[in-house]
Amino acid sequence: MTSWTPIDCHAHTTMSDGELTVPELIEVVRARGVRPSVADHLSTDVSLAIKSVDGVRAYLDELAPYDVACGGEFCWHDALWRELPDDLVARFTHRIGSLHAVQIPGAERPLSMFHRTLPAELTADAYMDYHLDDLERLAAGMPVDILAHPTLVPIPIRNFPADELWTDAREERLVDALFAAGIAFEISNRYRPHERLVKRAHERGVQLSLGSDGHTRAQVGDLAFPLEMARLAGAEESALFDPFVHGTRATR
C-alpha cells in the first residue's frame, strides 16, 4: 500500500476563466482522489485573466485561507510575470509557464495558439522551428517550475501527425531545454502529449508533472490520462512534480 496521492498542478477557477469557485474546485478534485491546486491565468493577454500586479496580490490573498497549492499560469510573451515583486513571487507554491503565442520574424504580434489560420507564407515545418526557438528562450529566461501543455500548437496544425511536427531533433531540443533549466514537463489532460515525447523527457531526466488544465467541473482533477502516460514512461509516482516538495516555495 502507498500513501501517495496525485496532485493536479494546473486547474482554473472563476478568478480567471474557470467555471468553479475555489471551494467548489477543491471539493470536486478531492472527490476524485486527487489533491487540488489553483493555477489561474495571470496575464494581460488572456481573456478573463488576472492582469495586474495588484490583481495577483488579491488572487493570492483569496487563495491563502484554503488548503490548496497556490499556483499561477503565466504567458511567456506577456510582461506581467516580469513585473511581480519578490514578496509576491515568494507566495506561490509553483509557477507555470505557457507558450500561448510564438514570435514569427517580421510579424507585428506573436502568433497565438488559438488563431484559426497561419500566415499564408508560413508552413507547418517553418512554424515548428520558430516554436522551438521561443520554447528554448522560455526555458532559459522564465523562472517557472512547469512548462504547461508542451505540445500545444496553433489550431490549423493540431491534427497533423506527431511525427511530422515533432521530429527527433525537435523533441531533443524541447527536453534538453527543460532539463537544463530544471523545469518540469506537464502531461496535460487537455492538450495530450504523445507517448514517445513523454518517455524521451523522462529518460532525459526531466521531471514530469500532472495537469488537468481543467476549466469545468468535468475536467478538474481528471488525471487518468496523465497518470497512465507517466506510468508508461516508467516514472516513479513519488518522483512526479509536487509543488509542496519541488515547487518555488519548497526549494528556496
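A salt bridge is taken here as a side-chain nitrogen of Lys or Arg within 4 Å of a carboxyl oxygen of Asp or Glu. The model is predicted, so that local features need pLDDT of at least 70 and side-chain atom pairs count only at pLDDT 80 or more, while totals for chains, interfaces and linings use all residues. Residues are numbered from 1 along each chain as its sequence is written, and side-chain values use heavy atoms, with hydrogens and water left out.

**Exercise 1. Describe how helices α7 and α8 cross, and which residues meet between them.**

Step 1. Helices and strands are DSSP runs, numbered from the N terminus (H or I, at least four residues, for helices; E, at least two, for strands). On this basis α7 covers residues 168-181 and α8 covers residues 195-204.

Step 2. The axes of the two helices come within 10 Å and cross at roughly 40 degrees; an axis is a line fitted to C-alpha atoms, for helices over the stretch in contact, and angles run from 0 to 180 degrees between N-to-C directions. Angles under 35 degrees count as roughly parallel, over 145 as roughly antiparallel, 65 to 115 as roughly perpendicular and the rest as oblique. The helices α7 and α8 are therefore oblique to each other.

Step 3. With contact meaning heavy atoms within 4.5 Å, α7 contributes Asp168, Glu171, Glu172, Leu174, Val175, Asp176 and Phe179, which meet Arg196, Leu197, Arg200, Ala201 and Arg204 of α8. The residues of this contact divide into five nonpolar, no polar and seven charged, where Ala, Val, Leu, Ile, Met, Phe, Trp, Tyr, Cys and Pro count as nonpolar, Asp, Glu, Lys and Arg as charged, and the others, Gly among them, as polar.

**Exercise 2. Work out what the salt bridge of glutamate 172 and arginine 200 ties together.**

Step 1. The closest N and O atoms of glutamate 172 and arginine 200 are 3.5 Å apart. Because glutamate 172 lies in helix α7 and arginine 200 in helix α8, the pair ties together parts that are 28 residues apart in sequence.

Step 2. Buried means under 20% relative accessible area, exposed over 50%, and partly exposed in between (1.4 Å probe, protein chains only). Glutamate 172, at 40%, is partly exposed, whereas arginine 200, at 18%, is buried.

Step 3. Both residues belong to a network of salt bridges that links Asp163, Asp168, Glu171, Glu172, Arg196 and Arg200.

**Exercise 3. Locate the salt bridge of arginine 35 and aspartate 242 within the chain.**

Step 1. The structure holds 19 salt bridges, and in this one the side chains of arginine 35 and aspartate 242 meet at 2.9 Å, N to O.

Step 2. The pair links distant parts of the chain, 207 residues apart: arginine 35 is in the loop between α1 (22-31) and β1 (37-41), and aspartate 242 is in the loop between α9 (224-232) and α10 (243-246).

Step 3. Arginine 35 is partly exposed because its relative accessibility is 27%, while aspartate 242, at 12%, counts as buried.

**Exercise 4. Is serine 209 buried or exposed, and what does this residue touch?**

Step 1. Serine 209 is placed in strand β8, residues 208-211. Its relative accessibility is 0%, so serine 209 counts as buried.

Step 2. Leaving aside residues up to four places away in sequence, serine 209 touches Cys9, Ile146, Ala184, Phe185, Glu186, Ile187 and Phe241.

Step 3. Strand β8 also takes part in the packing of α9, whose buried residues pack against β7 (184-188), α8 and β8. Those buried in α9 are Phe225, Pro226, Leu227, Met229 and Ala230.
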